[in-house]
Amino acid sequence: MHEASLPPDPLHCSAAIAVRSLQEHEHARWDAFVDTCPEATFFHRAGWQTIMQQGFQHDSHFLYAEQDGRIAGVLPLAHLRSRLFGSSLVSLPFCVYGGIAGGGAAVRQALDSAALALARRLGVGHLEYRWREVEQNPDASWLHKPLYATFRRPLHPDAEQNLLAIPRKQRAVVRKAMAGGLHSAIDHDVERFYPIYAASVHRLGTPVFARRHFSLLRTVFGSDCDILTVYHGQQAQASVLLFYFRDEVLPYYGGGTPLARSTGANDFMYWETMRRASARGCRLFDFGRSKLGTGAYDFKKNWGFAPQPLPYACRLVRAKTLPEVNPLNPKYALFIRAWRRLPLPLANLLGPHIVRQLG
């Protein structure tokens, strides 16, 4: 056996459980586990290691627990280092879900112990797990902040049943958009998507990701990453980048032009995502997370989705308190107003350097 094919030295061993760091040649093995693990999400896929390292230049620490020669649990982590917001070890930055997936109590404890030891070695302010479901953390030292909720609902195989499941007021907007001649298409590059998305987040006062981030997502995840764009004639009015995972669809990055509000293009975009995903065989629509008390939160409720609070958990390592890095923090209000006033080309130039520090 060649030395390169040997497993890396274990970071943590306990009762025949070895915690190891994912190597590039093991991505297929990791993903084979994730594909069959009930607790795993799209954001546990090995491709995010490439996104973290190549897209954001953040060190990744994707840990897996090996038992009897097989992967028994995984924990994807990345190290965020920011002059503005401090240092943290997160599962997983720029993703809505994370934390440990798979394993029994012993496996999960081994992964958690390895992550905490890594956090201490790196000297981060805190360790963060972005659980989707309520998780029993090992002790009371984990802190919770009720900031986000996610919105998930089953899809029916029949398109008409999915349309009827939308509350009447929003359904009327979708039907009006249909009658107005809106149509959708799957794009094969980011050229139409990116200007719409960049201008949309700029109006919100949010720094934008680099164009190459979206191109890299398409390259890494291939057919599990689509871009759907809504048109009126040849005019693009809204666009969304989608992820597919098992039988789920996740519209993840979306935006609309100023016209989209009056034409219903944003609502039509999500309807077309549902319709196309159902035809593809998807049986669950994940509307993603939104902050409590925001317009996006209300929009998803108006679509008939029940909010499910996200039980993100943090453990202080060197920090005394958790940082309040979110746009609802009043101290960022001035920055948001100023950002909206920046010329769009300048905001698109500066945004990627800032957003990579946010996570």
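The charged end of Arg280 sits over the ring of Tyr244, 3.5 Å from the ring centre, in this predicted model. A charge is taken to sit over a ring if NZ of Lys or CZ of Arg is within 6 Å of the ring centre and within 35 degrees of the ring normal. Another such arrangement involves Arg153, which lies over the face of Phe305 at 4.2 Å from the ring centre. Because the model is predicted, local features need pLDDT of at least 70 and side-chain atom pairs count only at pLDDT 80 or more, whereas totals for chains, interfaces and linings use all residues. Residues are numbered from 1 along each chain as its sequence is written, and side-chain values use heavy atoms, with hydrogens and water left out.

The whole structure holds 38 aromatic pairs (rings of Phe, Tyr and Trp, the last by its six-membered ring, with centres within 6.5 Å; planes under 30 degrees apart count as stacked, over 60 as edge-to-face and the rest as tilted). One of them is the edge-to-face pair of Phe43 and Phe243, 6.1 Å from centre to centre with 80 degrees between the planes. Phe43 belongs to the loop between α1 (27-36) and α2 (47-55) and Phe243 to strand β13 (residues 235-245), so the pair ties together parts 200 residues apart in sequence. Helices (H or I, at least four residues) and strands (E, at least two) are DSSP runs, numbered from the N terminus. Phe43 is buried at a relative accessible area of 0%, and Phe243 is likewise buried at 0% (buried means under 20% relative accessible area, exposed over 50%, partly exposed in between; 1.4 Å probe, protein chains only). Phe287 and Phe299 form an edge-to-face pair too, at 6.2 Å and 70 degrees. Here Phe287 is buried, at 4%, while Phe299 is partly exposed, at 24%.

A nonpolar core is a set of buried Ala, Val, Leu, Ile, Met, Phe, Trp, Tyr and Cys residues joined through side-chain atoms within 4.5 Å. The largest has 50 residues, and Phe43, Trp48, Phe214, Leu217, Leu241, Phe243 and Tyr253 touch the most other members. Helix α6 (residues 193-203) gives the most to this core, with five residues. A second, separate core of 29 residues includes Ala149, Ile166, Ala177 and Met274.

Helix α2 has Gly47, Trp48, Gln49, Thr50, Ile51 and Met52 as its buried residues. Their cover includes α1, β3, β6, α7 (211-221) and β13, where contact means heavy atoms within 4.5 Å. Just after α2, Gln57 takes a positive phi of about 55 degrees.

An open sheet of six strands runs in the order β3-β6-β7-β8-β17-β9, with mixed pairing (two strands pair if DSSP finds at least two bridges between them). At its edges stand β3 (59-60) and β9 (142-144), each with a single partner strand, so one side of each is left without a neighbour in the sheet. Strand β8 (residues 126-129) is joined by four bridges to β17 (residues 313-316), and the two run antiparallel; Glu128 has Cys314 as its bridge partner in β17. Four bridges also join β7 to β8, but these strands run parallel, with Ser91 partnered by Tyr129 of β8. Both faces of β8 are covered: His126 and Glu128 on one side, and Leu127 and Tyr129 on the other, are all buried.
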